[in-house]
Amino acid sequence: MLPMNITQELIGNNSEKNDDYPDSELSVSVPKTVEAVMHIMYITVSVAAVGGNGMVCYIVLAYQRMRTVTNFFIINLAVGDILMACLCIPFGFVSNLLLQYWPFGAVMCVLVLYAQVVSVFISAYTLITISIDRYIAILYPLRPRMTKLQAKLIIVLVWVVALITPLPTAVLSRLEVHPAWDGFNDTTRRYICTEAWETSEQRYYYSMALMILQYFFPLIVLLYTYTRIAIVVWGKKPPGEAEDVRDQRLAASERKDG
């Protein structure tokens with residue numbers, strides 16, 4: 001999905017006059033065929049995300065035997081995907097690719113930008129918790145397994161981190177006049193939804209911090225945990241194979257003794 005604050009970057013040159021834009025040089029023309037394909041793709045992704053993840057939540061919550069620790073984490077992952085599909089994908093598609101301005105008002109501007117970052121945090125850190133749970137279960141099988149209460153507390157912690165970390169996005173998200181409507185009156189001008197940082201350096205450092213927390217840190221944890229799991233699983237010989245090796249050694253020893 002395209003972030004709302006890159007709408008300005010989508011504005012390019014267009015030689016064909018567009019009545020919807022006061023300045024045709026600041027508009028983008030999308031071929032009807034491409035627009036139709038994009039409609040189908042975005043609708044399909046949104047429906048599949050909401051339907052599939054909603055079904056996962058229903059199955060886990062409806063059946064008692066499905067309420068395991070791992071499935072609780074999967075529900076949390078599904079909720080993050082539903083949040084993205086409902087609040088981020090449709091609004092981003094309409095504003096960035098169809099209209100090229102933000103028509104949904106100031107409140108939805110804050111909500112959508114904030115929800116976009118929160119949903120990514122929820123997905124990334126839920127994947128971390130799942131990997132750590134698998135890591136402990138496989139590398140330390142004799143340790144007590146995580147209880148359902150502990151899993152719920154971890155999910156609450158994930159949500160707290162996901163809601164608090166991107167607060168600057170919620171505070172600084174606002175509407176700014178679209179470059180194509182700059183100089184027009186309030187009734188005819190259009191706006192874009194973006195983060196109003198005082199300097200480009202602040203925007204850069206905040207973006208880098210989000211990239212580290214949302215991408216690089218989860219990636220490092222997942223690489224470490226699943227690499228260790230793979231080494232342990234692939235390094236162990238099956239019980240039958242281990243017995244065959246033992247029998248061969250005993251037979252070789254008996255032949256030497258004989």
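Student: Which class does leucine 219 fall into, buried, partly exposed or exposed, and what is its relative accessible area?

Tutor: Buried means under 20% relative accessible area, exposed over 50%, and partly exposed in between, with a 1.4 Å probe and protein chains only. Leucine 219 has a relative accessible area of 31%, so it is partly exposed. Leucine 219 is found in helix 7, residues 200-235. Helices here are DSSP runs of H or I with at least four residues, strands are runs of E with at least two, and both are numbered from the N terminus. The model is predicted: local features need pLDDT of at least 70, and side-chain atom pairs count only at pLDDT 80 or more, while totals for chains, interfaces and linings use all residues. Residues are numbered from 1 along each chain as its sequence is written, and side-chain values use heavy atoms, with hydrogens and water left out.

Student: Which residues form the nonpolar patch on the surface?

Tutor: Patches take residues with over 30% relative accessible area and no salt bridge; like charges are joined within 9 Å, and nonpolar side chains (Val, Leu, Ile, Met, Phe, Trp, Tyr) within 5 Å. The members here are Tyr204, Tyr205, Met208, Met211, Ile212, Leu213, Tyr215, Phe216, Phe217, Leu219 and Leu223. Together they have about 1100 Å² of accessible area, by the Shrake-Rupley method with a 1.4 Å probe, where for residues only the protein chains shown count as cover.

Student: What is the secondary structure of the protein chain, and how many residues does the chain have?

Tutor: The secondary structure comes to eight helices and two strands, in the pattern α-α-α-α-α-α-β-β-α-α along the sequence. The chain has 258 residues, of which 33% count as buried. Its accessible surface comes to about 15800 Å², and carbon and sulfur atoms account for 65% of that.

Student: In which sense do strand 1 and strand 2 pair?

Tutor: Two strands pair if DSSP finds at least two bridges between them. Strand 1 (residues 173-177) and strand 2 are antiparallel, with five bridges. Glutamate 176 stands opposite isoleucine 192 in strand 2. Strand 2 is largely enclosed by the rest of the structure, because four of its five residues are buried.

Student: How many disulfides does a search of the whole structure find?

Tutor: A disulfide is a pair of cysteine sulfur atoms within 2.5 Å. The search finds one. Cysteine 109 and cysteine 193 form a disulfide, with 2.0 Å between their sulfur atoms. The link of cysteine 109 and cysteine 193 is right-handed, with 85° about the S-S bond. Cysteine 109 lies in helix 4 (residues 105-139) and cysteine 193 in strand 2 (residues 191-195), so the pair ties together parts 84 residues apart in sequence. Both cysteine 109 and cysteine 193 are buried.

Student: How many salt bridges does a search of the whole structure find?

Tutor: A salt bridge is a side-chain nitrogen of Lys or Arg within 4 Å of a carboxyl oxygen of Asp or Glu. The search finds two. In one, arginine 134 pairs with aspartate 133, the closest N and O atoms being 3.2 Å apart. Arginine 134 is partly exposed at 27% relative accessible area, whereas aspartate 133 is buried at 3%. Arginine 145 also forms a salt bridge with aspartate 133, at 3.7 Å between the closest N and O atoms. This pair links distant parts of the chain, 12 residues apart: arginine 145 is in the loop between helix 4 and helix 5 (148-164), and aspartate 133 is in helix 4. Arginine 145 is partly exposed, with a relative accessible area of 46%. Through shared partners, Asp133, Arg134 and Arg145 join into one network.
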